[in-house]
Amino acid sequence: MNEENEKVTKSHKIGGTVLKVLYYIFVILLVVLFFTVAYFKNSWSNLTFAEIMFHLNTTIAGTNPDMIISALLKYGLPAVVIIAVIILGRIYLKKKNIKAFKIASVIVMVALILANTISVYLFEKDTHIIRDFKNSLFHTNYGEFVEEQYVDPATVSITFPEKKRNLIYVYMESMESTFSDKENGGAYKDNYIPNLTKISETNDNFSGDAGTLNGGIALPGTNWTSAAAFSQASGLPLQLPVDEGQLGDDAEFFPTVITLGDILKNEGYTNVLEMGSDSYFGAINSYYSSHGDYEIHDYDYALTTGLVPKDYYAFWGYEDEKLFEFAKQEITELAAKGEPFNYTMFTMDTHAEDGYVCQLCDDEYDDQYANVIACSDKQVSEFVEWIQQQDFYDNTTIVLTGDHPTMDSDFCSDIGSYQRKTYTAIINSAVEPVNTEHREYATIDLFPTVLAALGVEMSSDRLGCGTNLYGEEQTLVEEYGIDKCIDEFTRESLFVENLAKVNLEVDQAKLDASAENAYLEVAEDNGFIRFRLQKADAISMLEIDNMKLVVHNNSTGEELTYDIDLERVRAGWHGVVHSEIPFDQVSNLDCDVYITAGDYKDYLLKSFTADEFEMWDIRWDVD
């Protein structure tokens, strides 16, 4: 009998332990969920399901680490504290008062469930992410609107003038016409962008005779940086199917779509992209490389060319002050060649949350983000003034545009029902608008509009889903209304998804092509190897299960094998990788170094002499 009682007691203890563990797991999950939702709601109020899926399918390499640290401090740390308080409080009450312990346990669980229900409801009300995820998962929200409206540029006659105009295209991070004062069509009492307001109102923003600010509406699929770059140059929303493979350096980004960069490249333009952040973030590098063969001058380029010191890092890479200085030098060099050029650049200092305060920023306003916006306003306007003073300006068109509305939710929390629009100004256009009335348009309309501003004649005022604002044809927003366009662009499109199909097959030819340009920088870092692999684009797309670095001693035949962090490989191999290899074990050897990955053997990446540590044979084995 005692033995049976012991078994029952033991069973009850095990059951109690399981329930306690499950309770704690559930509490932890609920707390983490609450603070995760709070983070996204407070920091990224305009977040969409399409944007989440896009970034899940691309590398996050190049993300500003301050954002991660800030999120952990503001939301991660409180979550840990609350979890600890709940667990310790529960243990304390159980020892002191079993009745209070049970009541408190129930109250905590009910409170957490209620808090999460409310927070998820409010978040879903703003973003519709759950709805869009469900629609995407079960394919219940497909539409044909985009396909029906799309005009393939390949079917349109596009004729450039005999003397081709240069294009300087400035994507201003998160810049909105909203930031001006109400008198000029903005949403605020103060005008945070007085210089940009004047530029827009005295050039082309398609407000007609009203003479106030006007801008483009960022439709779903066009309202984050990568999507803005793609949509403004193609007239299409950026949508990827949920089950699509990872987009990366070697992916063919919408391979059959003709974009602005493709058209300019075919007309003999030199296309250059400049940005102070890492172009691999959000597949920017992939897009611009595959559509217009752009020269990519990003943060990594600045490091390798000595524009900034090797250890330099500010905000997302280097600040806009440097961006404009580098741009002046590069544009001057391009203009001196006498050939048409397209110089596209992305500012970054106004990125949420709160922006980056550089040495040029004043402290005019109480809000940091307002000061950063005002600082960007001055820097961009001074850059425009510099261009206008150059000899090449007469034959150059400047496009200033916000890439998307700001995601700084706090800054725009009090503007009510104001229709937010991205900033728009086209300076020194080759043509004048035919329609002098106020136009309602979306950012996709800039695709044919920019070509028209370059003096290009087209047999259709529609390219992609965009409409030439210098012509008479109605935009989709004018024809169907904003709500209809938002609804239709929210829907999934089989047409767009088929256009988005990327070629992820990595064959020997691509590896060979990648190897032609790849190189390795190696250095000692606290007794271990630090290396940076550059331009191994095809290799970074490999779908492999393992990767090792092998040091082969050519004299003795001995091999030293070290595991490589595969996540860093999948992130693109364009950052600094700290290996586990002691520097003194290999620095003085006459050796080859190669990578094993999957089933490929001895793939020669680059040949070097073995006289110095920086000049090894680097071989990749890839699958």
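Buried means under 20% relative accessible area. The exercises below use that cut-off on a predicted model.

**Exercise 1. Helix α14**

Task: Find which residues of α14 are buried, and say where the helix contributes.

Solution: 
- Step 1. Take the helix, residues 446-453.
- Step 2. Check its cover: eight of its eight residues are buried. They are Leu446, Phe447, Pro448, Thr449, Val450, Leu451, Ala452 and Ala453.
- Step 3. Turn to the largest nonpolar core, which has 62 residues. Leu236, Phe254, Leu260, Tyr288 and Leu451 have the most contacts inside it. Helix α14 gives the most to this core, with six residues.
- Step 4. Follow Leu451. Neighbours within four places in sequence aside, Leu451 touches Phe160, Leu260, Ile263, Val456, Met458 and Leu463. Apart from this core lies another, of 47 residues, with Ala187, Tyr188, Phe324 and Tyr393 among them.
- Step 5. Look just past the helix end. Gly455 has a positive phi of about 85 degrees.

**Exercise 2. Thr467**

Task: Decide whether Thr467 is buried or exposed.

Solution: 
- Step 1. Apply the cut-off. The relative accessibility of Thr467 is 0%, so Thr467 counts as buried.
- Step 2. List what surrounds it. Leaving out neighbours within four places in sequence, Thr467 contacts Asp445, Pro448, Thr449, Asp461, Arg462, Glu473, Gln474, Thr475 and Leu476.

**Exercise 3. Two packed helices**

Task: Describe how α7 packs on α13.

Solution: 
- Step 1. Two packed helices are described by the angle between their axes and the distance between the axes.
- Step 2. Read both values. Helix α7 (residues 194-202) meets helix α13 (residues 368-388) at about 45 degrees, and the axes lie 7 Å apart.
- Step 3. Classify the angle. It makes α7 oblique to α13.
- Step 4. Name the contact residues. From α7 come Pro194, Asn195, Leu196 and Ile199; from α13 come Asp377, Lys378, Val380, Ser381 and Val384.
- Step 5. Sort them: five are nonpolar, two polar and two charged.

**Exercise 4. Strand β4**

Task: Which strands pair with β4, and how many bridges join them?

Solution: 
- Step 1. Locate β4 at residues 270-275; five of its six residues are buried.
- Step 2. Pair β4 with β6 (residues 341-346): the two are parallel, over six bridges. Val272 has Tyr343 of β6 as its bridge partner.
- Step 3. Pair β4 with β5 (residues 295-297): three bridges join these parallel strands. Glu274 has His297 of β5 as its bridge partner.

Key. Residues numbered from 1 in each chain as written. Predicted model: local features only at pLDDT ≥ 70, side-chain atom pairs only at ≥ 80, totals over all residues. Heavy atoms only, no water. Core = buried A, V, L, I, M, F, W, Y, C linked by side-chain atoms within 4.5 Å. Buried < 20%, exposed > 50% of the residue type's maximum accessible area, 1.4 Å probe, protein only. Helix = DSSP H or I, 4+ residues; strand = E, 2+ residues; numbered from the N terminus. Contact = heavy atoms within 4.5 Å. Axes fitted to C-alpha atoms, helices over the stretch in contact; angles between N-to-C directions. Parallel < 35°, antiparallel > 145°, perpendicular 65-115°, else oblique. Nonpolar A, V, L, I, M, F, W, Y, C, P; charged D, E, K, R; others polar. Pairing = 2+ DSSP bridges.
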